[in-house]
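Thanks for coming. Please have the sequence and the model open.

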Amino acid sequence: MLDEIIIKKAAQHNLKKIDARLPRNKFIVVTGPSGSGKSSLAFDTLFAEGQRRYIECMSAYARQYMDMMEKPEVESIQGLSPAISIDQKTISSNPRSTVGTVTEMYDLLRLLFARVGTPHCPSCGRAVSSQSADRIVDRILDSARGRVKILAPVIKGRKGEYHRLFDRLRKKGFVRMRLDGVFRDLEEEIILAKTRSHTGEVLVDDFRPASAARARLEEAVEKALDLAEGEVLVLAEDGKEAYYSRRLRCPVCDVSLPDLEPRNFSFNSPYGACPRCHGLGAESTTNEEGEVELTGNICPACRGARLSPQALAVRVDGHNIHDLSRLSIDRLIAELGRLEVLVSREEIAGKIGKELTSRLGVCAELGLGYLSLDRTTATLSGGEAQRVRLAAQVGARLRGILYVLDEPTIGLHQRDNGRLIGLLRRIRDDGNTVLVVEHDEQTIRSSDFILDLGPGAGEHGGYVVAQGPLAEIVKSSESLTAKYLRGETSVPVPDKRRTPKGRLVIRNAREHNLKNIDVVIPLGCMTAVTGVSGSGKSTLVFDILHRALQNTLAKAGLRAGAHDKIEGVKRLDKVISVDQKPIGRTPRSNPATYAGLFTDLRQLFAHSQESRSRGYGPGRFSFNVAGGRCEECQGAGVKRVEMHFLPDVFVTCDRCEGLRYNKETLAVRFKGKSIADFLSMTVDEAYEYLKAQPRLKRRLATLREVGLGYLRLGQPAPTLSGGEAQRIKLTKEMGKRATGRTLYLLDEPTTGLHFDDVRKLLEILSELVRLGNTVVIIEHNLEVIRSCDYIIDLGPEGGEEGGRVVASGRPEEVAAADSPTAGYLRAALASAGRVGRG
């Protein structure tokens, strides 16, 4: 097998027919300015082709989708392994998806409870014991009113056709059984759907029991218990059912319980889910897109535990499965170490416990120790979601795989970066190739091989500027990355810190893990909120500060996080939150629509001579309404293909060829270009065509200022990174009327930014502050932190060990403190010659 991945003439998106040779089974970093083509090479070329080739090896059913999947624009790729993509956007937003289910750690917990759990009565709490056949007969006689049917449950929610089972039952003389709730004659031909789950009970006897007929009842019960491996179901004349088991029964409450199986502890299975909320843990509703959304009202039956009373009544050393699921990963590791059952029943539970502890340890290494297994994936940040998926892959222990990751250091404190890098090296050492798109300096320096793309963004990028190990890269005179690595160029630190114009004070903040803290935020300054992952930064800034100010300034009616009050609000007239959530969920949403460009662009086309002569208005140029759009794809430009075994694929519409519009609409031109041509332009290209239009020029210029000149106006929203989405939102807010009394709240705005783009972003944020506004940033990037006027450092750890203000003040003051952030900040200030200066 080749020891290199050899890429020839890659031309996807803005790549300029580049050649590259990447060493296999190495830790590779792809870096370069934002928009230089990193994701085009890593995800849209290498991963896409790896996935395509993987499907080629599958069944004819799977290969039917091959023609629909677009082949990347590349002449050839040799030495490519099966590829797995771990990015920031592909984790499920389904309310049933949790950290535990994604990493399969909850599956191990379910297995543990099924093997060594002690069942208890859900009514009285007593330990449940088994019952004999005689006791079952006594209880049937005591409760019988009229005729009863004695049934043996032989199919218990399993898929299959069961032809052999039916033949065996016929040979044993049985003539009827209940299938999926309906009685059927076994002599007739029974056809069951192979892919559906079924239930089935054999009719053993049907009679009116009495003391005189006890012998008949005993025989029927014994037959049923033998057939159904210790279980019997009694169907009364009035339709009521009673379940009995040789194994589990509460002697006081007369409650029988099913045997313990892993599915009994799954909230995604009808056998384990709470019957009231169906395993969601809360009341639910359906949104306009047909997706299930939770209302926030906790289910009164299970109180948010998601499981049935029977499942919650099973305990391991006094804990039910929900008790353990809601612990932070760090605390769960400690609790597992104290479980006596892992020692006393080591032959059964020991292996499960070791595997679970090992996987939990991987999550802790990745800086996720503050998360709990019951945390829904929809509430995770992009960086958290990516590291959760990475933990799942480490647990899978695959070999010979190409892993493609998108900035895995997002959301990680510098202290945890080293742990992440160690884990990536471990995956490499297992015989895999790890390819990371990354801007973090520590990660770049720790890699085996670097591929630097550039030299600029968009059409000015797409070239290989430098490639090789770190020692060779730093020698490059062409590489902008190399200049920063050599220290020749750096993000400048302000000569002096700004003087506050007032202050906001949050009193007694106590939401989630915050420990009744008072927090001072200077107004008219740029403040960084720092701390390790899970220390309470987002809770403080977004759950408390943003929501409380929205309620005060805009009468929003939001549920703000727990606190007493916020002082100094009168100095503000507006609060703007700029987070990393997507600007849209479907390909219909794009930078042009979100930033407000598209309305002006449609107006421009509608005012053309050709449009007026044809009677076209602005609506003609919208791809969201009938008239001018392609009706085959309804203006999406793509069609969704359900892959079933893989994530859904969007394929180009064969009628409009991805242009979204019909031929009549595309015939209208402005400066020789159609509306579809403008949507396919980058911001930089569109600026040159539209700079004579004042409103469009201003909006496009703002996008360029935040480093998004390389984005295409019609780029589908789902393909944007969290950092790109955040900067688009920032430009939208910057285009509004400035008052000089606005508070801007940003969540890691440097996501996806090269060193040089960080410098440009800081210039924009500094301009907002110069106009009198206040900027608060949650950030781990040291170049940004050291450039702020004030720092609020939370910690000292994540989860329950966090939530305190461990240091606050000017960067120089925080650097002198004793906190996880301080040591790294001291080094960053020293490199800029700022230690000891104010």
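Let's begin at P455, which lies in the loop between strand 18 (449–454) and strand 19. Helices (H or I, at least four residues) and strands (E, at least two) are DSSP runs, numbered from the N terminus. The peptide bond joining G454 and P455 is cis, with omega at about 0°.

A word on the source. This is a predicted model, in which local features need pLDDT of at least 70 and side-chain atom pairs count only at pLDDT 80 or more, while totals for chains, interfaces and linings use all residues. Residues are numbered from 1 along each chain as its sequence is written, and side-chain values use heavy atoms, with hydrogens and water left out.

There is another cis peptide bond between G795 and P796, with omega of about 5°. P796 sits in the loop between strand 29 (790–795) and strand 30 (804–809).

Two strands pair if DSSP finds at least two bridges between them. V404 stands opposite L435 in strand 17.

Next, helix 5 (residues 133–143). Which of its residues are buried? They are A133, I136, V137, R139 and I140, where buried means under 20% relative accessible area, exposed over 50%, and partly exposed in between (1.4 Å probe, protein chains only). Seen down the helix axis, these residues fall within an arc of 165°, so they line one face of helix 5; the arc is that of the directions from the helix axis to the C-beta atoms.

Two residues have a positive phi without being glycine. K555, with phi of about 50°, is in the loop between helix 18 (537–554) and strand 23 (565–567). K555 counts as exposed, because its relative accessibility is 70%. For Q634, phi is about 55°, and its relative accessibility of 41% makes it partly exposed.

Finally, the whole chain. The protein chain has 30 helices and 30 strands. Of its 838 residues, 54% count as buried. The C-alpha trace spans about 100 × 65 × 60 Å along its principal axes.
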